Amino acid sequence: MSQKDNIAAPIQYNTTLNPVLWDNDRLKSEVRGALIRMAQDFKEYVGVPFRVLDVVITGGNVNYIYTPKSDIDLHLIADFDSVQCDREVAELFDTKRLLYKRDYDLSIHNVPVELYIEDHRMPAVSAGSYSVAKDQWISKPAKNMPQYNEEELAHWVTIWKKVLGHAVRTGDLQTCRKAVQLLRTYRKKGLATPPREFSIPNLVYKSLRNDDTLKSITIFIDRLHDQELSI
């Protein structure tokens, strides 16, 4: 049995967009309405005035490669120059994003929604992206299964499982957090390369998410955090 037989498939190809969210290639009206309400609520939660230029969704559910564990990435495209605050703007928005995620568990028909605020000068790039605000495609996904090197994917999934497994075995909160942050940085760098969401780093992340490796270490981190604060 080869390494690739032991890893979870990072993506799957579907002949249609997710019918839970889409009516052919148009976003369902109730889905669009819910996403707009979420974006408005998140903007209010941030607590710092800023100008939203667009509200965009990206990711597997805006493509033909969604799986049962794919979420919806909801991006508020903002003018960072419009923000008046004493902190670095990107850091502020990312902190608020994490706090919002902790406080609220949002979904649409059981599809999780992840919220982000992006600088309009550096928007998220995806094979499929749809403007919720304008109710139109920014870039339509191709109806073909993307190709990637399965052996290379299996190699890196195996390495990252060892890294995350070692972190868990230390039983140290900061070590576990650092391992997960390294994985996210690895993914982010992959998304910045031409293959973007089909880059090996992003596919590695998706595979580890789909086999619950990421879920397991996240739960473990939460448990360690509780223990550290308790007496």
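Trainee: Which residue forms a salt bridge with lysine 161?

Mentor: In this predicted model, local features need pLDDT of at least 70 and side-chain atom pairs pLDDT 80 or more, while totals for chains, interfaces and linings use all residues. Residues are numbered from 1 along each chain as its sequence is written, and side-chain values use heavy atoms, without hydrogens and water. A salt bridge puts a side-chain nitrogen of Lys or Arg within 4 Å of a carboxyl oxygen of Asp or Glu. With closest N and O atoms 2.9 Å apart, the partner of lysine 161 is aspartate 211.

Trainee: How many residues apart in sequence are the parts that this pair ties together?

Mentor: Helices (H or I, at least four residues) and strands (E, at least two) are DSSP runs numbered from the N terminus. Lysine 161 lies in helix H3 (residues 150-170) and aspartate 211 in the loop between H5 and H6, so the separation is 50 residues.

Trainee: Is aspartate 79, which pairs with arginine 51, buried or exposed?

Mentor: The closest N and O atoms of aspartate 79 and arginine 51 are 3.1 Å apart. Buried means under 20% relative accessible area, exposed over 50%, and partly exposed in between (1.4 Å probe, protein chains only). Arginine 51, at 48%, is partly exposed. Aspartate 79 has 11%, so that residue is buried.

Trainee: Which residue in the loop between H5 and H6 pairs with lysine 69?

Mentor: Lysine 69 sits in the loop between S3 and S4, 143 residues from its partner. The closest N and O atoms are 2.5 Å apart, and the partner is aspartate 212.
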